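Opened the notebook for another model today.

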Amino acid sequence: MKSTGKVTGIVSNLVTVEIDGPVSQNELCYVASGGTKLMAEVIKVNGRYASIQVFESTRGMKNGDAVEFEGKMLEATLGPGLLSSSYDGLQNDLTTMTGVFLKKGEYTAPLDEKKLWDFTPIARPGDKVTAADWLGEVMEGWLHHKIMVPFSFEGEYTVKSVADAGQYTILQTVAVLTNEDGEDVEVNMTQKWPVKKPVRAYREKPRPDRIMETGVRVIDTLNPIAEGGTGFIPGPFGCGKTVLQHAIAKQGDAEVIVMAACGERANEVVEIFSEFPELIDPHTGRHLMERTTIICNTSNMPVAAREASVYTAMTICEYYRAMGMKVLLLADSTSRWAQALREMSNRLEELPGTDAFPVDLSAIISNFYARAGMVVLNNGQTGSVTFIGTVSPAGGNLKEPVTESTKKAARCFYALEQKRADQKRYPAVNPIDSYSKYLEYPEIQEYLSKIAGKGWVEKVEKTKNIIRKGKEANDQINILGDDGVPMSYHELFWKSELVDFIILQQDAFDPIDSLTPMERQEYMLNLVLDICDREFGFDDFEQCRNFFKEMINLLKQMNYSEFKSGNFYKYQEQLNNLLNNGK
Amino acid sequence: MANKAFQKTYTRIEAITKATVSLRATGVSNDELATVEGKLAQVVKTKGDLVTLQIFSGTEGIPTNAEVSFLGEPPALKVSDELAGRFFNAYGQPIDGGPEIEGERRETGGPSVNPYKRRQPSQLIPTGIAGIDLNNTLVSGQKIPFFADPDQPYNQVMAQVALRADVDKIILGGMGLTNDDYLYFRHEFENAGALNKIISFVNTTEQPPVERLLIPDMALTAAEYFAVDKNEKVLVLLTDMTLYADALSIVSNRMDQIPSKDSMPGSLYSDLAKIYEKAVQLPDGGSITIIAVTTLNDGDITHAIPDNTGYITEGQLYLRADPDSGKIIIDPFRSLSRLKQLVIGKQTREDHNQVMNAGVRLYADAQNAKTKMENGFDLSDYDMRCLDYAKEYASRLLAIDVNIGIDEMLDTAWELFGKYFTKAETGIKQELIDRYWPKSH
């Protein structure tokens, strides 16, 4: 018997319900209001009263409206058809909704229940299986979508039968399993999983041992992110957070990409909707949309569903990871989710922490980041979820609760800087404050020396040092004046400018420059470091400046030219001539 | 009003604050309107049978035995083509002496457009101001505020932009306008002969601040009528959103909510987003573009109001007085139009992107040179050239009194590059240099 209740109080989307039976924390319920049923979630229980957060506008709701509890938490529906879909934060399919406006109480099925999928069995009768083991597969576009023992199955099962190869809908039974008590359970191609619980159906979670290429030099070269790693991008507005994240989504070397647009601008999602079906994935030649799933709860959509949107996205990632896929999750922005938590905590009249955020914010964020990672599946194959979140710090000040909490949880930090953005030095990632903890991993160091040549990590450190020294020199020049410092200061400064213009800065809107494969990054970094190793001995700082400007110009033209093309070598030859003729 | 027959009148108020009254009543729905002693109010909280009403015009003079009746409906505006050319107050009542509007009653603050049904904005809105068209191009369906100190002529610039833009309707939402500014807008619109395409919802400083909270919803409900029902291109002007946010903080304070940064309510981001996100390009050709004004306190954009705004809007146009040229300019560093990439080089000349970036970068070099100069250091030849360039760039391209076409802006920029710099110093792609570098240099 499901519990029911009646509304007794309303403040915005926090509703108090008098209940007639047991309810559990985070249990789903529906409020019948004005002819529609509105989804809500229990967030607090006190005696006979439950506080629920309604995922939609409560306009028109009245005291006395009936509430039905569902006996389960908010769940994601998992199965073939997730890829290329566009969902709202509660996994309603946005593409099948009627009308231009979102209607209150309109819920659409996440997966097509009528579509026939070509099923091929993998497991055989008699096999011993546990949760997440593969029973069969269907082709979801290009992807071998594994049909798995549902994550919620505990203990060991014996396969009694698996359906023959053929066409089935997601609701038809494709396997029968026998549990340890000898009872038979039917399994179809879809399963549900409560979004707030991490999926733990894998053998182990080892340390990441390789990097995930993004084609963005300031990430791959200077502060690479590991496959299965975590990173975050904080930055004031207007510093290129979204452009950077979209670049990673377009170019990232992952098989499946889930984008959670959480409380951000609707037009940014529209950009994905309209561009991704056209743009080509540089790694496979397929359309980008074929590897992308979008979860969107834009800033004007119900605030309470923001939290749900990031959890739904993570659950879908974990599902594909269990198929052995390399998955990348991008969430823009986790600050909006934190703000949604703050609004609710405020309405619940909880004692506030810093900046009125709830006190457990830090724990919530770190638990979420911990769901990313590379895993070894039960069958020995690997899958990974790499997670990059953006943070929108209030006033651009990184000393605020969301940034600080995230810094504790994420292993890579890409600090976007107002000053660089003002100078149009994009991507405006501060090269000195940013870091990647993965560069310290021996596994990653070994991997990098394999793909980018011996001593790569030392070269990266050297590059950072050039930038650091250049900054110091520039500070001195600014304090003492051009003539007040030794010539070597000017040379140091201009070497750092060379690194800045050629390696750090990258034109996200130029088709060639925007995507730099690792091989090219290696080539260009070696070229730049060779120049930096030289001692030029300029006569005066004007000469130094002019010489470097000319070099920067030639190297920039190389960045704009196709790698190792005639033009590319033409500019390189001009550069060599310049260097050979000396200052 | 549908359920007028069942309307019940209450006459016993239990509590009164500066902005709200509470009374015991049943059958009340969330967000519905009521009248208290003839003043308009809205349900903001129910707890058991205790209902809290927010009274828009304040609670001065309300007695504990005030007559309260519930209207059974949320705030709404009557929409029809008759709206065009008219001036209204925050409740949607005419203030121009004309007749009441006949039309369909539409709830204000209605649902959002399904993001999947939106179209990508793609139509350039030319303004003739190079600080906008060249560096921060506007696109229909965009939402963008002017960030300006209170002493800057933001309302004038906004009126100028609105009247030059090629749109079907202009809707003005004035919040806390001084009476002088209200009359200025009225005068400008009448002078331009554009009155028949303009609709105004105005709350002046003489009226209660909380009433302002109704203005954006009113203006945007009218905008949605013309954009969705009539497929028209609508431009909405909202001034001044800082005063709107101040009214929000007054209300949240009276409701005993815990303030977050700068004593603003924790929901400020969502409250502002609900308004700005009404900007949309619709599938059938209609669009809503929002240009707003957010006044700053001494240029401080880290304050919660401009900060949250910046995260919501698609860029910002930053007005600043430039001491070198003596003009008000659109600051090229802090200003940004996020949608400009959708039209730059597509609806404008191929060199637009690189010319824009080079122009701003060289202007930044000039700022560095200026710092050096102020610190008493010798300037290099390059520094001197940068400074000369900056002066001319500011007065010929950044100033808000510029009114030229985009090609002319690009040509002016090339002219300045040629006059002050070498080709390599601009860092522009070689093929563009070959094509556009001024012949005489």
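Ground rules. I'm looking at a predicted model, where local features need pLDDT of at least 70, side-chain atom pairs count only at pLDDT 80 or more, and totals for chains, interfaces and linings use all residues. Residues are numbered from 1 along each chain as its sequence is written, while chains are lettered from A and ligands numbered from 1 in the order in which they are written.

I looked up helix 10 of chain A, residues 456-480 (helices are DSSP runs of H or I, at least four residues, and strands are runs of E, at least two, numbered from the N terminus). Its 25 residues reach 36 Å from first C-alpha to last, close to the 36 Å expected (1.5 Å times one less than the number of residues). Just after this helix, I found A:Gly481 with a positive phi of about 90°.

What buries it? I noted A:Trp456, A:Gly470 and A:Ile477 among the buried residues of helix 10 (buried: 20 or more other C-beta atoms within 10 Å of the residue's own, placed from the backbone). Their cover includes helices 1, 9, 11 and 12 of chain A.

Interface. I get 62 residues from chain A and 60 residues from chain B in the contact (C-beta atoms, placed from the backbone, within 7 Å). Helix 13 of chain A gives the largest share of chain A's side, 8 residues.

Strands. I also see strand 1 of chain A joined to strand 5 of chain B by 3 bridges, running antiparallel (pairing takes at least two DSSP bridges). There, A:Ile10 stands opposite B:Thr46.

Conventions:
Buried ≥ 20, exposed ≤ 12 C-beta atoms within 10 Å, placed from the backbone. Contact = placed C-beta atoms within 7 Å.
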